[in-house]
Amino acid sequence: MKLLSMALILLLWPLSLLFKNGLSEFIHFALPGGFIYLSLILFARKNRCWPLALVPSAFISSGLFLFPPLVALLNLIFISRTKLSLYIFLISLVTIFVGFGSFIPSSIFEDDYQAKQSLIRKGQLYPTVWLARLFQNKPTIYLDKYEFNLAALTDPNNYFFGFHPREIVTNNQNLIKFPFLTIIFFLIGLYYFKENIHWKFIAAVIAALIFNLSLLASFDKYDFILFLPLSLIILTGFDHFTKNMNTLKKIFLGVFLFFGFVEYLQLITRSLMGTL
Amino acid sequence: MKVYIPIVAIILVFILGFIIRFHQLGDAPAGLYIDEAALGYNAFSIFKTGMDEFGKPWPLVFRSVGDFKAPVYTYLIVPLIPFFDLSMFTARLPSAIFSVLTLPLLYFLISMLTDKYKIQLSLMAALLLALSPWHTLFGRTAYESNVALFFYLLGIYLFYWGLKKPYFLFFSAAIFSISILTYHSERIIVPITLGVLFWRFKKQLLLSKRYLILAFLLGVVVLLPSLTILGTPGFLARASGLNIFSHQRQVPAGFIDALETPVAGLINSNLFLSSREFLSLYFSYFSPRYMFDLGDYGPRSSFPELATFYFWQFPFYIIGLFFIFKESSLKELRFLTIALLLITPIPAAITRDPYSTTRALPLVIPQIILISLGVIKVFSFLQPKIRMIGFIILSLVIIHSALHLYSSAFVLNESLRAKEWNWGLEQVAEFSKVSQNIPVIVDNSRGEPYIQLLFFLKYEPYFYQKENFEVPLSQYYTNMERNKNKKIGNITTRTIDFEKDIFVDQYLISDPLAISEGQAKEHALTKVFEVKDSRGEVFFNGFRTNPAEKCRVYPNTKQCL
């Protein structure tokens, strides 16, 4: 029952991505996650060069060019304040030089004519120029886009309900990433977060990824890189939940399995119907 | 000296909240939404005749536009009418008053429940609530949910007083009952809250069994009139129409149409789909997207470019959430905040709309407490020298937030949301007043303008009750049929009938969709007035028919022969 539950938790997002986008796209977006897994193995073996294993991910997806140096920076400040960490951070900066050029057109900083026109129209509604300039200025265009992405990436509904059942978020495939009852394990995992032996790794990776992904014009599909760290939190919560199983917990697990099974049926059905 | 600082601070917060809620109270939003007009006019009707717009004496719920409004807000407006007459200011005044009173109430509630960070937390929460876009919007408009929130919070405050002095339980019970009569959401959250509070303090409460029983009976007595219509369609109108478990109007979210497989029943099972929809809606009230970025999608439930909270409050919310679970020294405040956090989204989560800030308004309280706690905790970690810099930065951020609120609520909202607030009907009413002898048809294909017309014309309720019929009064709470055609003196609100109306000498008033420029030309209509907003967008057109000209151009038309 435990193994089946874990399989249900871990397979939904990869399958959704695969069915929706095809194999080649799936590999393209899944591969950076492989380097996170490699990095986790190095971290678990207390290898201090673990942030360097993330560098290749920025070459596969240029949108992730900030991710390795950010992780290295967080490692330097919060995890391991050593000269080696400093050198690793400096080495990882190479991804910025490589990825920066192609970043701007696919980021929140791309030119947005409509947004600028909207600013001008709204600015004319204000009674004073200074008030108009305070709230209707060019930096607010980028800030609003960043805030939108940041809020969406930190929204649990994004991962467990495809945002909301009747909501279609534009620029996004609205994939369901985890069976919806997994949110319970996720919340438990958050509560016991620090008991996970890799909590520093997970926190650094998630923080860096969310910051980086929020800078993209569309983070959809790129956010699959969050699959591993989020799964670790969920599995921590699942592990806690399944300790000392009582009748109520068994019933919940039964319901979880049933609903999870139905979600997979829905996924397969929608995929076959072409309405995923 | 130090003793007076908190008192001066809370007075300043109160003044700030007062200014934010009372500034241009009757003028912004510029329009008067249908529900606001209904509350105001029914209060006017009660004041003048003792009956509502349909002639029902002292209703227990107000039928209104078929939504059966809870009664308290309407009855609160009644005594204001002799002083302020029927106006937008009067209709919104109870909301503003109770919104401002919620600020010191929150301060005193938090002060009572915790010793740790007592003054700082109370003041910060009151300040953030004063500036809250969520609380401000409903404090400036005629929404029952805002007044219900005050009574709900007061009921909780008096309950805690009742633990020390049992006779306060009577007041608590009465106030909780009034909150139930004020807004529909409280019908759900009050019983759950009372159940939770009773479970937590049952040993203490059972020591004052006599007071407890009498308080319960008093609460029931206050509710008794409403309990007599408990099972009627009128009482349950809102609940049955909007809840996600009722699939009369809409299939559950995620339903796959035209599915013919052996497992179709499983894939489209109500249990699975409804459970998922409920949980999704429930968790949407904790979604950073909605809280700090999008706000309520409803154009009247949010200000433009402003969510329910300011984005800078996001990290403090996370920090507050962390500490409310970890820090047991917050004692009773911790318990109440978590309880309110879990309970208050429930009524909203069982209705279809994701993130309905009207129905989940009580949630603003625990979330403001969490943000305040986050701010206080951050400051507590700062070194004294840096704390001063932090205080200056926070002050600047708060000033910026106040200006942002002004920008969204008083500048952008007036222009960008005027249509949603039904702006323009006051001008239509003014025109109709002038054209006394000539019939006026006001198109109602996209709304029910009759109630705003009644409101702005201050039409004599006695005549309106006589001229219009909806359902027999004996079926007031049970018969859900509606008559959308209304007669207000020389004005009739109904859809325009181009086969008949253009052959009668009268005025036709509508939005540009109902009568286009082409139709006006075809039917020989003469435009006599226009209602336009500051951006030049036309809201209403008024045309005079010209039957003679119509027949001259099209003499073979049946009506001309």
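**Helix packing and the A–B interface**

Biologist: What is the count of salt bridges between chain B and chain A?
Modeller: This is a predicted model. Between chain B and chain A, the count of salt bridges is two.

Biologist: Which side chain of chain A meets Arg276(B) in a salt bridge?
Modeller: A salt bridge needs a Lys or Arg nitrogen within 4 Å of a carboxyl oxygen. Arg276(B) has its partner at 3.6 Å, N to O. That partner is Glu263(A).

Biologist: How much area do chain B and chain A bury between them?
Modeller: The contact involves 44 residues of chain B and 42 residues of chain A. Carbon and sulfur atoms carry 70% of the buried area. The total is about 3,800 Å².

Biologist: Which residues of chain B lose the most area to chain A?
Modeller: Three residues together give 18% of what the chain B side buries. One of them, Arg276(B), also forms a salt bridge with Glu263(A). The three are Phe272(B), Arg276(B) and Arg289(B).

Biologist: Are α1(A) and α13(A) roughly parallel or roughly antiparallel?
Modeller: Helix α1 spans residues 2–21 of chain A, and helix α13 spans residues 227–241. Their axes come within 11 Å and cross at roughly 160°. Angles over 145 degrees count as roughly antiparallel. The two helices are therefore roughly antiparallel.

Biologist: How many nonpolar residues are in the contact of α1(A) with α13(A)?
Modeller: The crossing is right-handed. Contacting residues include Ile9(A) and Trp13(A) of α1(A), with Ile234(A) and Phe238(A) of α13(A). Two residues in this contact are polar and two are charged. The nonpolar count is ten.

Conventions. Residues numbered from 1 in each chain as written. Chains lettered and ligands numbered in written order. Predicted model: local features only at pLDDT ≥ 70, side-chain atom pairs only at ≥ 80, totals over all residues. Heavy atoms only, no water. Axes fitted to C-alpha atoms, helices over the stretch in contact; angles between N-to-C directions. Helix = DSSP H or I, 4+ residues; strand = E, 2+ residues; numbered from the N terminus. Parallel < 35°, antiparallel > 145°, perpendicular 65-115°, else oblique. Left-handed = near helix turned anticlockwise from the far one by under 90°. Contact = heavy atoms within 4.5 Å. Nonpolar A, V, L, I, M, F, W, Y, C, P; charged D, E, K, R; others polar. Buried area = accessible area lost by both parts, 1.4 Å probe.
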